[in-house]
Amino acid sequence: MLSRYHPVVAAESSGQLTMLLQRLSIRAGLPPSPRTQRTTIFPRLAKALTQVGLARANSNSFTHRGELRKAKRIVVKLGSAVVTRGDECGLALGRLASVVEQVAMLQNQGREMMIVTSGAVAFGKQRLRHEILLSQSVRQALHSGQNQIKDMLVPVLEARACAAAGQSGLMALYEAMFTQYSTCTAQVLVTNLDFHDDQKRRNLNSTLQELLRMNIVPIINTNDAVVPPPEPNSDLKGVISIKDNDSLAARLAVEMKADLLIALSDVEGLYDSPPGTDDAKLIDIFYPGDQLSITYGTKSRVGIGGMEAKVKAALWALQGGTSVVIANGTHPKVTGHVITDIVEGKKVGTFFSEVKPAGPTVEQQTEMARNSGRTLAALHPEQRGEIICHLANLLVEKKEEILAANKLDMDLAVNAGQLSSALLNRLSLSPAKLNSLAIGLRQIALASQDSVGRVLRRTRVAHNLELEQITVPIGVLLVIFEARPDCLPQVSALAIASGNALLAKGGKEAANTNRILHELTQEALDIHWVKEAVQLVSTREEVEDLCRLDEMIDLIIPRGSSQLVKNIQSAAKGIPVLGHSEGICHVYIDSEAAIDKVIKIVRDSKCDYPAACNAMETLLVHRDVLRTPLFDQIIDMLRTEQVKIHAGPRFASNLTFSPSEVKSLRTEYGDLECCIEVVDSMQEAIDHIHRYGSSHTDVIVTENEDTAERFLQQLDSACVFWNVSSRFADGYRFGLGAEVGISTARIHARGPVGLEGLLTTKWVLRGDGHTAADFSEQGTMEYLHENLPVTQPQPRQIAAQSEE
């Protein structure tokens, strides 16, 4: 069944906004208020005409968040705290509008949406208060006395009367809002007795089924005007009693065989202890049986339920085959997309699942890595070096097992046919690659001897008051890499050498290779009992969800395509990202370049490893080189190497028959392709690189030393080379042992990032009872601020001191 969609006419100015909200309020029977006028109007509904494949294969609940995308029938429960204002009198129109927009959007995707709503009592309370005030004459108010006036302004109203007065207005408001999205609604009022009577229950089911078939959104609420008090313990017989809207939503979801129940309240989800208390942590996934390990706090500020009631209802619905997510529907930063985020499988709120994974959650992995990482950082430098050397030896000793696992990954990738030749090259391992990895790891082990705890500066602040700045680990690193398993031992060794904990998230294409490499890494770590310091994230965690762990992860390092890096930089709002999104490297051939050097450098820069981020993508040629034997040799060499040439605009204008003109001068091909463009001078080459480059690596080939030095000084890239292939922009070739990536950022680390880039500093001050007051005008001490010589203690001396 295709859903209908019509564009929404949105109010663009504040005047139109106020008028529209006033019309909605009047239509719903709600007197306009300044709060109403300040409420934001619904943004335009994004077009969602394509119906998605949503059919459920069975009646079991979903086991992973990612499967929530398949949910076809969804119940959204709006708690009283979500629907009502902070003064508990009247509705939160802005939040309600955003909920309506999201429900309408999902409805237009072909899903079947139902809403279980609170708010009738609060809505009726506002209306009745307004009517009472209007019905009193000014004279009666004046004669009633000050205290009486105060009582009259806040009348005590019976809840059932408020519900009776507010139900119609609440429904009218929903109808007015959904009309903006060309979506029809229908009101359904129920009581607990309706579920106890088989005939009434069948009638209710039939009515709701027919409404959903006609693409109508049912809006369901308990009939609070007549509802009797709940029967105690009536849900112990396997049928939940309708005590509040939580139990109503759960019962309805099971009766209607809903795929997903989204319960929105005023808390982020379920915590392992009452929210707001010390060490309270949000529970990402809740499993049956876990309720014994948590402590419930007080219930929400409004409504008759509480978190305990929500958990009870959620577990009952889960047992009935409906997946459940409890999330915050009041937070201003997430309210506008909380429902759609949940349906897209994002890590929002608490997800209830019947299947508990065998391994730890990513949060638990992070905690284990941090704790073990602190022990790793406290090891002596030679102990960290021993771990890395042992890992290097294991790569050689276990190469047959590693290559067998890699062959399995390669066969699966080739059969799937989804990886390009460049990615297949990255995925592939060989004995030569493993030997090279082992050599690089031993270099890292050697460099690690003076990394952590190295003194950078010493200052005598005053007599017996000395200050030191020393290197320390950053903390917990998250390295995300695609189809390149050789990255895992490299970054593991660098993390070990720098005393950092590591979370490694590899691409699924290299799952088998990554698994054995991680096992070998933990085997090496275990020689000094820090096995948990390096964790391999192999769960279904989305990269975007990992990037939200800002309280647990200190630095993210992406290794992969430019799109991967861009996605991570966009998702990681609170965590620094070290890397580069593009590797658009240039080689500039100056008019005074030597022929033999040009051919060697251009061939190596482009053809040695075209998929690498330091491969040449654009060849800039001085105009004087055109129509010379040198240029002809360059073209012949590129053709021999089967490099596809794209002509830049100025180069194309010089040719009668030119290659295909480049679509963009800012292109990273990652293959045997490159762009050729013409410039009139070295300065023009610099301007071109600044405009179209990515500040990664750029090269000049010339015999003129003055020209080369000006190029090296003026060009603002992380790596600038003279008469050298761009492929030298690499941590191993720089003597760093290995690299975690190449950074084009300007803060912390730039260029190939090795061991030094994974360290930060802390200040250590040693005194003898000094206070700031000692240095005041009335104090007896003076600042000296003398620079002291920096001396590095030898590792063996540290070990001897520790033993004493």
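The secondary structure of the protein chain comes to 28 helices and 24 strands, where helices (H or I, at least four residues) and strands (E, at least two) are DSSP runs numbered from the N terminus. This is a predicted model, in which local features need pLDDT of at least 70 and side-chain atom pairs count only at pLDDT 80 or more, while totals for chains, interfaces and linings use all residues. Residues are numbered from 1 along each chain as its sequence is written, and side-chain values use heavy atoms, with hydrogens and water left out.

Of the 804 residues in the protein chain, 52% are buried; here buried means under 20% relative accessible area, exposed over 50%, and partly exposed in between (1.4 Å probe, protein chains only). Contacts (heavy atoms within 4.5 Å) tell a story of their own. Among those between residues at least 6 apart in sequence, 75% join residues at least 24 apart.

Strand E12 (residues 501-505) runs parallel to E13 and is joined to E13 by three bridges. Leucine 503 stands opposite glutamine 535 in E13.

A nonpolar core is a set of buried Ala, Val, Leu, Ile, Met, Phe, Trp, Tyr and Cys residues joined through side-chain atoms within 4.5 Å. The largest such core has 49 residues, and those with the most contacts inside it are Ile387, Ile388 and Ile402. H19 gives the most to this core, with eight residues. Isoleucine 387 touches Leu376, Leu379, Ile496, Ala524, Leu525, Ile527, His528 and Val530, not counting residues up to four places away in sequence. Apart from this core lies another, of 41 residues, among them Ala71, Val99, Met113 and Val338.

Strand E15 (residues 585-589) runs parallel to E19 and is joined to E19 by four bridges, with isoleucine 589 having valine 701 as its bridge partner. E19 also pairs in the parallel sense with strand E20 (residues 719-722), over four bridges, and isoleucine 700 stands opposite tryptophan 722 in E20.

The loop between E20 and strand E21 (741-743) holds alanine 729, a buried residue with a relative accessible area of 0%. Leaving aside neighbours within four places in sequence, alanine 729 is in contact with Asn614, Thr697, Cys719, Phe721, Phe734, Ile742 and Pro752. Alanine 729 and alanine 615 are 114 residues apart in sequence and 9.2 Å apart in space, C-alpha to C-alpha.

On a 1 Å grid over the protein atoms alone, a cavity is a set of points where a 1.4 Å probe fits but cannot get out, and a pocket is an open set with protein on both sides within 12 Å along at least five of seven lines; lining residues have an atom within 4 Å of a point. Grid points are joined across faces, edges and corners, and a volume is the space filled by probe spheres set on the points. There are three cavities of 30 Å³ or more, and about 50 Å³ of space lies in the largest cavity. H12 (307-319) gives the largest share of the lining of this cavity, three residues. The largest pocket holds about 1,800 Å³ of space and is lined by 45 residues, of which Leu282, Lys347, Glu363, Arg548 and Leu549 lie nearest its centre. H14 contributes the largest share of the pocket lining, three residues.

How values were computed:
Pairing = 2+ DSSP bridges.
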